[in-house]
Amino acid sequence: MTKLDINGRPFEIELAADTPLLWVLRDEIGLTGTKFGCGMALCGACTVHIDGQAVRSCMTPISAAVGKKIVTIEAVGSDAVGRAVQAAWIDLSVPQCGYCQSGQIMSATALLRSKPKPTDADIDAAMAGNICRCGTYERIRAAIRQAADAHAVSP
Amino acid sequence: MALVVANVSRRGFLQGAAYVGGLVLAIGYPRLTQADEARKFGADAMPHGWIDNPSVFVAIGEDGVVSIVCHRSEMGQGVRTGLPMIVADELEADWTRVRVVQAPGDEERYGNQDTDGSRSTRHFFTPLRRCGAAARQMLEAAAAARWAAPIADVHAQNGEVIHGPTGRRLGFGELAKAAAAMPVTSPDAIRLKNPSQFRYIGTDKLKLTDAQAIATGDTQYGMDTRLPGMLFAVVARPQVLGGKVTRYDASAAMKVPGVVKVVQIEPTAGPPNFNPLGGIAVVARNTWAAMQGRKALKITWDDGPHKSYDSAAYRAVLEAAARTPGPVVRDNGDFAGAAAGAAKRITAEYYLPHLAHASMEPPAATVRITQGKCEVWGCFQSPQAARELIAKRLGIPFEDVTVHVTLLGGGFGRKSKPDFGIEAALLSQAVDGKPVKVVWTREDDLHNDYFHTVSVEHLEAGVDAQGMPVAWLHRTVAPTIASTFAEGARREAEWELGMGAINVPFPIANVRIENPEAAAHTRIGWFRSVSNIPHAFAVQSFVAELAAAAGRDPKDYLLALIGPARIADLGWNYNESPARYPVDTGRLRRVIERAAKESGWGRSRPPGSGLGIAGHYSFVSYVAAVVEVAVDGRGEITIPRVDIAIDCGATVNPERVRAQLQGSCVMGISAALSGAITFKDGRAQQDNFHQYTVLRMPQAPRETRVHILPDDYSQPLGGIGEPGLPPILPALCNAIFAATGKRIRTLPIGDQLKA
């Protein structure tokens with residue numbers, strides 16, 4: 001039995017310890033905001049935060065998340081950086097189909113928490129693992145810059 | 001006409017709303033009679049056409065909330081914002097009080113729901129305007145009656161009706177009940193706004209309907225459906241078209257914790273259609289267990305007749321066919337004679353591989369069967385097709401199947417095919433109707449797509465002393481989408497050929513278009529902009545090659561080749577009426593000129609940098625793109641900028657038009673740079689995104705500037721979802737030629753530029 005801390009709440013999971021966190025979130029707990037896109041940590045749709053780091057949950061066994069703080073898209077807005085990112089996403093109408101955007105927002109939020117004033121190269125590097133098949137990259141970049149500016153103004 | 005006031009709670013599509021005893025304008029409404037000519041084309045020609053009935057699309061609650069039904073599938077193209085926007089504008093609704101309700105699959109009720117072909121906005125612009133206006137007029141009539149005022153003294157404005165002379169006002173909520181009791185607005189009496197009065201249409205004022213939900217993870221895609229007691233399934237499918245299970249052993253699979261049942265799905269004889277491919281399904285208590293169970297299956301396959309499909313060998317087959325005269329599909333003048341007499345003869349051949357849709361959400365559907373009634377939730381582009389085919393396959397009445405349309409995590413044409421819904425239905429049936437969610441993995445999606453076709457495009461021109469073509473031959477060879485529906489179909493369909501091959505827009509006297517046969521060895525389907533991709537790539541690349549041979553600027557050459565503005569009616573035109581949608585080469589010229597101007601065409605560029613241009617008409621819109629490319633010493637490509645100009649008549653949501661063109665640009669560059677599904681031993685060789693690589697942020701253009709030609713609402717609207725894609729591939733390769741002198745004729749570009 002594995003104990004997990006997800007979005008500030010404790011969960012006791014009866015599944016095997018090598019079950020990927022993604023499927024525990026989606027199927028066991030019902031947090032479907034974290035998406036499945038590839039299962040091989042290639043596309044970033046499954047990105048969550050574990051102790052503040054952007055992590056691909058499709059290849060993270062729940063055993064590796066024990067004793068750590070897991071945050072998903074459903075709770076990323078609980079701090080100012082997350083809220084600034086979400087607000088920029090809405091303001092600039094970033095999404096098209098939206099399926100990749102949970103992962104994009106999680107990666108972007110982790111970036112801004114560690115680098116509040118990212119360069120273009122920082123953004124490319126942090127976001128290269130998140131595929132958007134609808135091609136919203138340009139707006140994602142703009143939204144990250146807007147969130148960075150907004151958060152700098154009112155942290 | 002009977003006036004029926006319906007209680008909302010009986011209306012399935014408005015269930016559970018914050019709907020305070022409001023009344024639906026439920027009115028019997030006769031279909032408009034159309035002129036015979038109108039019946040054959042466009043929206044009138046689509047199955048179930050369009051519905052001229054405000055009650056179907058609009059409901060107003062006593063709390064003032066305006067519910068607007070969206071009957072087309074949302075896959076990122078913006079219909080859940082744009083279509084309700086049309087209704088809301090004519091209705092004079094306050095957008096902040098608008099709630100969008102997704103329609104289930106029911107074309108008899110809503111009109112055509114097949115979300116495909118860049119049709120949603122252009123087919124439903126006028127019908128939805130009429131719905132909004134008719135509802136507005138009933139609200140105004142109700143207010144006028146309440147105030148005993150002349151109708152001319154009242155007008156609706158932003159969710160209220162106002163009495164002009166006194167300033168009295170009543171909210172839509174206060175009027176809803178009375179409005180439902182008013183006589184129906186007669187179809188002839190519907191007063192549409194003058195476009196100058198639009199408040200939402202044509203503006204960038206509104207935020208996306210689902211942006212908040214998407215940003216907080218509060219969305220339901222096909223993948224996300226959850227029902228009590230739901231089981232999860234993955235299917236081991238034949239890896240080769242026509243493959244069958246000869247033997248399987250589920251014993252190890254059944255021992256995997258969480259696995260509940262293993263079920264064989266029978267394939268269907270004949271062409272693929274939208275039928276499941278068959279295979280062995282593992283049903284389990286969660287997705288991971290189902291996947292682990294599938295790994296433990298032991299299956300012996302008979303790969304069947306296509307087991308030797310090999311992309312390298314097949315390319316040679318296509319090339320041989322492309323180099324031999326074939327069936328003629330267009331023949332003007334005398335190509336052979338004119339080419340023989342020409343000053344110079346230029347030949348080029350272009351190869352484009354299969355592509356996979358690879359939408360970020362792989363296909364997924366959930367089905368539950370309760371007392372013979374089947375409920376379906378899924379990411380369907382055509383919920384009606386899903387409903388019909390599930391009913392048929394289960395052997396139950398159509399009326400007993402309900403299809404709920406979730407958000408689609410991308411579609412691009414893949415999710416028009418409801419094979420994944422039928423799989424879920426069969427598996428639910430196999431577990432006594434318990435809800436079953438079928439999940440396609442990325443490997444499933446890449447191996448068993450309805451692939452974009454593979455093609456060789458052979459072009460020959462005889463040019464005069466000035467380098468202008470006097471004779472033009474285009475021989476296009478590609479397995480046809482028709483093969484998915486008809487066994488042994490080997491010729492491109494009229495509509496595939498009409499996507500840029502037959503309707504080449506140049507007034508050359510001697511034109512010959514041929515289409516030799518090509519057999520299909522995998523499922524072929526429509527992929528965003530369909531055969532426009534290979535045809536535009538070949539034609540617009542070839543034009544640039546002719547320009548280079550003539551020593552002329554490519555943009556000037558392209559415009560000279562198009563010639564003076566004229567109407568070029570060249571056969572099939574997206575099933576639209578030639579009277580309504582004449583193909584006007586002047587509009588093509590203007591977008592080419594606009595894109596060129598905006599890109600700074602003609603200014604000198606540093607070494608290794610270049611601009612390429614292409615212009616293409618598709619889905620009744622005109623698009624031109626200029627791609628700026630920089631190629632460094634190691635052959636690495638960067639794309640600093642793309643300028644795209646579009647003439648789509650007029651826009652509803654210009655912000656989404658820009659988004660779709662930016663997105664099409666990324667998808668086009670992705671395909672050109674690295675997109676390829678290759679086959680060996682009958683099967684697709686790419687398993688996941690490490691092998692089927694798609695564009696990521698670092699390679700995406702830094703800046704994509706979209707230039708929308710001014711709105712003219714007297715024009716019928718053009719399509720938006722697809723037209724941005726075809727010009728991108730040739731514009732990119734033309735830019736690479738300008739930058740490096742190297743001509744790309746085989747896609748993907750891959751390592752062709754590497755030193």
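This is a predicted model: local features need pLDDT of at least 70, side-chain atom pairs count only at pLDDT 80 or more; totals for chains, interfaces and linings use all residues.
Some ground rules come before the details. Residues are numbered from 1 along each chain as its sequence is written, and chains are lettered from A and ligands numbered from 1 in the order in which they are written. Local features need pLDDT of at least 70, side-chain atom pairs count only at pLDDT 80 or more, and totals for chains, interfaces and linings use all residues, while side-chain values use heavy atoms, with hydrogens and water left out.

I'll start with a sheet of 7 strands in chain B. The sheet is open, its order is β11-β12-β9-β19-β16-β17-β18, and the pairing is mixed. Two strands pair if DSSP finds at least two bridges between them. Helices (H or I, at least four residues) and strands (E, at least two) are DSSP runs, numbered from the N terminus. At the edges are β11 (259-265) and β18 (401-405) of chain B, each of which pairs on one side only. On average, neighbouring strands here are turned by 20° against each other, direction ignored. Axes are lines fitted to C-alpha atoms, for helices over the stretch in contact, and angles run from 0 to 180 degrees between N-to-C directions.

Inside that sheet, β16 (residues 364-370) and β17 of chain B pair antiparallel over 6 bridges. Opposite B:A365 stands B:G378 in β17(B). Two helices of chain B pack on the sheet. Helix α10 (residues 287-295) touches β9 (231-236), β11, β12 (279-284) and β19 (436-439), and its direction makes about 30° with that of β9(B). Helix α14(B) touches β9, β11, β12, β16 and β19, at about 35° to the direction of β16(B). Contact means heavy atoms within 4.5 Å.

Next is strand β20 of chain B. Is it buried or exposed? 9 of the 9 residues of β20 (residues 455-463) are buried, so the strand is largely enclosed by the rest of the structure. Buried means under 20% relative accessible area, exposed over 50%, and partly exposed in between (1.4 Å probe, protein chains only). In a regular strand the side chains alternate between the two faces of the sheet. Both faces of β20(B) are covered, with B:S455, B:E457, B:L459, B:A461 and B:V463 on one side and B:V456, B:H458, B:E460 and B:G462 on the other.

As for partners, β15 (residues 344-352) of chain B is joined to β20(B) by 9 bridges, antiparallel, and B:A348 has B:L459 as its bridge partner. Another 8 bridges, again antiparallel, join β20(B) to β21 (residues 469-477) of chain B. There B:V463 stands opposite B:P469. β20(B) and β21(B) form a hairpin with 5 residues between them, and B:G467 in the turn has a positive phi of about 85°.

Now the aromatics. Rings of Phe, Tyr and Trp (its six-membered ring) pair if their centres lie within 6.5 Å; planes under 30 degrees apart count as stacked, over 60 as edge-to-face and the rest as tilted. The count comes to 20 aromatic pairs over all chains. In one of them, the rings of B:W95 and B:Y200 have centres 6.2 Å apart and planes at 55°, so that pair is tilted. B:W95 lies in the loop between α4 (79-91) and β5 (98-102), and B:Y200 in the loop between α7 (172-181) and α8 (211-215), all of chain B, so the pair ties together parts 105 residues apart in sequence. B:W95 and B:Y200 are both buried.

In another pair, B:F380 and B:F420 have ring centres 5.2 Å apart and planes at 20°, so they are stacked. B:F380 is buried, with a relative accessible area of 0%, and B:F420 is also buried at 0%. A single aromatic cluster is formed by B:W572, B:Y574, B:Y617, B:F619 and B:Y622.

Last, the contact between chains. How many residues of chain B are in contact with chain A? There are 62, against 50 residues of chain A. Chains B and A bury about 4,700 Å² between them, 56% of it on carbon and sulfur atoms. Buried area is the accessible area (1.4 Å probe) that two parts lose on being put together, summed over both. In chain B, B:W288, B:M360 and B:M697 lose the most area to chain A, together 17% of what that side buries.
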